[in-house]
Amino acid sequence: MAACFSVCRLGVRGADRLLKLCPNSDLRAQRRLSRTTFASKVQTINKTLHAAPTSVESFSSIQDERYERAERSVLISCPPKINETKFLDYLSKHGDIRNYFFYQTYGMYAVVEFSSKESIAALKGICTIPSVQHEASVPFKSRLLSLKWTGSIGPTTLKCHEQLPISINDLIQELSKQESIDQQMQCLTEAYQLTEENISLRFLVCSLLRDIAAAYFPESIIRPFGSTVNSFGKLGCDLDMFLDLDGVSVQNQKKGSGLSLEYQVKRRASERNVTQSILSVIGECVDQFSPGCVGVQKILNARCPLVRFSHQPSGFQCDLTANNRVAMKSSELLYVYGSLDARVRYLVFTVRCWARVHGITSGIPGAWITNFSLTVLVLFFLQQRTPAVLPTLDQLRDLAGPSDKCVIEENDCTIVSDLSKIKLWGNTDTLEKLLQEFFEFYGSFAFNRSSINIRKGREQNKPEAAALHIQNPFEPNLNVSKNVNTTQLERFVALCRESAWLLQQGEVLKRSATQSADQIPPWGLAALLLPSVAESAGVKGRRKKKREPASERIKTLLQSLKSSRGAGEKQSSDDHRH
């Protein structure tokens with residue numbers, strides 16, 4: 001799979017170079033070339049759909065490599081118009097540039113990765129603190145820089161990498177052009193998944209924040225977790241990260257001398273109090289000193305204390321916690337499952353998109369099913385296949401070596417890191433079959449008495465009265481879906497049944513061959529994303545009905561009163577006649 005994506009990236013880069021060589025080419029031609037490249041990527045992935053996993057890097061090695069690259073990178077705010085060649089020539093005077101890309105959020109930005117940290121020091125050596133009138137500058141020298149361009153610009157052709165997914169309407173159009181439901185699911189994943197550039201930017205934001213935390217805890221690291229690293233992240237998703245203080249607490253005392261030294265430290269009543277104190281200080285520093293961080297909120301009394309803020313240069317909504325090791329282990333577990341079989345990611349992205357379109361999931365807290373719970377539902381379904389697509393968590397634990405041993409707060413979080421040890425059972429179901437039977441499986445699942453458990457890979461009796469019970473993989477006493485109420489669960493089941501029924505109908509599964517590519521009506525997966533699905537299932541949306549303007553409401557009220565009065569007078573006249 002990794003080799004497949006490498007080929008895809010090479011194809012995109014080749015197309016990009018061709019577009020750069022033709023800056024005056026017609027925009028439509030550029031779009032056609034982009035669509036052709038995209039289609040070739042889908043075909044390439046299709047060939048590896050059922051291929052067994054080859055040498056996949058371990059989760060920790062990938063994270064370490066991305067973190068090290070972020071430490072050698074800078075984020076530069078650029079003028080709206082910039083000459084790429086002059087820009088690179090200027091920066092390369094201070095060191096070899098290994099990689100770079102441009103993107104737009106609140107302006108034009110460039111991420112530049114150098115070959116060594118020494119180049120960062122050389123670049124910062126020529127930077128100055130800006131002077132501003134009527135205000136004072138906070139002299140914090142971060143790796144977020146601004147480029148001032150006073151000379152001639154010259155040609156300004158640039159390729160900016162997308163940071164947000166395409167709209168649902170555009171997605172439906174793209175899906176309708178595909179030849180099969182399998183290709184539709186691959187197309188959806190390609191359109192929604194995080195790009196390498198977006199992931200690099202996320203690690204760089206963590207690295208920039210680490211520069212602030214290092215003032216107090218030099219050995220600490222700020223690590224991303226969740227969607228950024230678990231291989232199921234969607235463009236535009238939040239950036240979850242945690243302050244990893246394990247390196248601060250490691251004991252390196254040499255034994256046998258009879259003498260030892262300890263740091264004098266402040267003491268608090270509990271680990272929670274320590275976490276709250278640390279996040280309070282770091283949050284204040286981010287608010288006061290970190291450029292580009294706005295809307296800082298210190299939510300310290302939550303079950304998991306956090307600091308929430310917006311990072312404007314990247315456009316990310318950020319949540320910072322401390323020592324959230326269980327969440328990081330959950331991210332690794334999802335990465336492992338996503339790496340074992342390409343169909344896992346395709347099915348998860350498809351189900352997540354379907355759920356968001358129909359209001360089963362939401363971007364705000366509430367009684368809705370979360371993306372994590374929905375992903376666990378997919379994993380559990382794949383464990384139930386005959387033969388199974390995925391192993392259970394206990395099976396992943398049993399394959400682990402001594403170095404994989406991991407116990408967090410008395411919970412066994414051990415999973416195998418060497419994916420070559422995992423042998424699958426050769427399930428060859430198509431994506432279309434998996435999608436249809438996912439809906440059938442949960443459309444008839446006994447949620448009233450059964451619990452979801454991916455550690456054992458089987459249904460269990462519900463230990464509590466919650467509407468939906470999904471056992472936390474690493475904290476078995478917790479229900480990750482405790483927030484879900486009966487109404488939202490019933491909506492999910494009703495939509496599963498309606499979607500399963502639609503996929504059983506022949507006309508939904510067939511693409512019309514008589515119409516041109518631009519006139520094909522939604523079919524297959526595209527048809528499942530239409531609002532009519534929820535309407536047919538008898539499911540009401542969460543959105544409130546849009547209110548009419550006040551003048552229209554008053555006009556309607558007066559007409560209603562007039563009609564009532566007329567009816568009353570007519571009734572009185574009729575009574576008088578009788």
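Buried means under 20% relative accessible area. The close-ups below come from a predicted model.

**View 1. Lys-329, a buried residue of helix 11.** Lys-329 is found in helix 11, which covers residues 325-340. Its relative accessible area is 12%, so Lys-329 is buried. The side chain of Lys-329 makes a polar contact of 3.1 Å with the side chain of Glu-332. Beyond residues up to four places away in sequence, Lys-329 touches Cys-406, Cys-413, Ile-415 and Phe-474.

**View 2. Cys-413, in the loop between strand 11 and helix 15.** Strand 11 spans 411-412. The relative accessible area of Cys-413 is 0%, so this residue is buried. Leaving aside neighbours within four places in sequence, Cys-413 is in contact with Lys-329, Cys-406, Ile-408 and Phe-474. Leu-393 is 20 residues from Cys-413 in sequence, and their C-alpha atoms are 9.6 Å apart.

**View 3. Helix 13 crossing helix 15.** Two packed helices are described by the angle between their axes and the distance between the axes. Here the axes of helix 13 (residues 371-383) and helix 15 (residues 431-443) come within 11 Å and cross at roughly 100°. That makes helix 13 roughly perpendicular to helix 15. Helix 13 brings Leu-377, Val-378, Phe-380, Phe-381 and Leu-382 to the contact. Helix 15 brings Leu-434, Glu-437, Phe-438, Phe-441 and Tyr-442. The residues of this contact divide into 9 nonpolar, no polar and 1 charged.

**View 4. Helix 15 and its packing partners.** Helix 15 has 13 residues. From its first C-alpha to its last, helix 15 reaches 18 Å, close to the 18 Å expected at 1.5 Å a residue. Its buried residues include Leu-431, Leu-435, Gln-436, Phe-439 and Gly-443. Leu-434, Phe-438 and Tyr-442 are buried too, and these three also meet helix 13. The buried residues of helix 15 pack against helix 7 (181-192), helix 12 (342-357), helix 13, helix 16 (486-504) and helix 18 (525-528).

**View 5. Helix 12, largely enclosed by the rest of the structure.** Of its 16 residues, 14 are buried, so helix 12 is largely enclosed. At 1.5 Å a residue, helix 12 should span 22 Å. Its end C-alpha atoms are 23 Å apart, which agrees. Gly-359 follows helix 12 and has a positive phi, near 75°.

**View 6. Ser-137, in the loop between helix 5 and strand 4.** Helix 5 spans 117-125, and strand 4 spans 144-146. Ser-137 is partly exposed, with a relative accessible area of 34%. The side chain of Ser-137 reaches the backbone oxygen of Pro-130 at 3.0 Å. Neighbours within four places in sequence aside, Ser-137 is in contact with Ile-129, Pro-130 and Val-132. Phe-289 is 152 residues from Ser-137 along the chain, yet their C-alpha atoms are separated by 9.8 Å.

View 7. The peptide bond from Thr-386 to Pro-387 is cis, with omega near -5°. Pro-387 is found in the loop between helix 13 and helix 14 (393-398). Asn-323 is not a glycine, but its phi is positive, about 50°. Asn-323 sits in the loop between strand 9 (316-322) and helix 11, and at 33% relative accessibility Asn-323 counts as partly exposed. Glu-409, also a residue other than glycine, has a positive phi near 50°. Glu-409 is found in the loop between strand 10 (407-408) and strand 11. At 63% relative accessibility, Glu-409 counts as exposed.

Note on methods. Residues numbered from 1 in each chain as written. Predicted model: local features only at pLDDT ≥ 70, side-chain atom pairs only at ≥ 80, totals over all residues. Heavy atoms only, no water. Axes fitted to C-alpha atoms, helices over the stretch in contact; angles between N-to-C directions. Helix = DSSP H or I, 4+ residues; strand = E, 2+ residues; numbered from the N terminus. Parallel < 35°, antiparallel > 145°, perpendicular 65-115°, else oblique. Contact = heavy atoms within 4.5 Å. Nonpolar A, V, L, I, M, F, W, Y, C, P; charged D, E, K, R; others polar. Buried < 20%, exposed > 50% of the residue type's maximum accessible area, 1.4 Å probe, protein only. Polar contact = N/O pair within 3.5 Å; in protein donor to acceptor, adjacent residues only side chain to side chain. Expected span 1.5 Å × (residues − 1).
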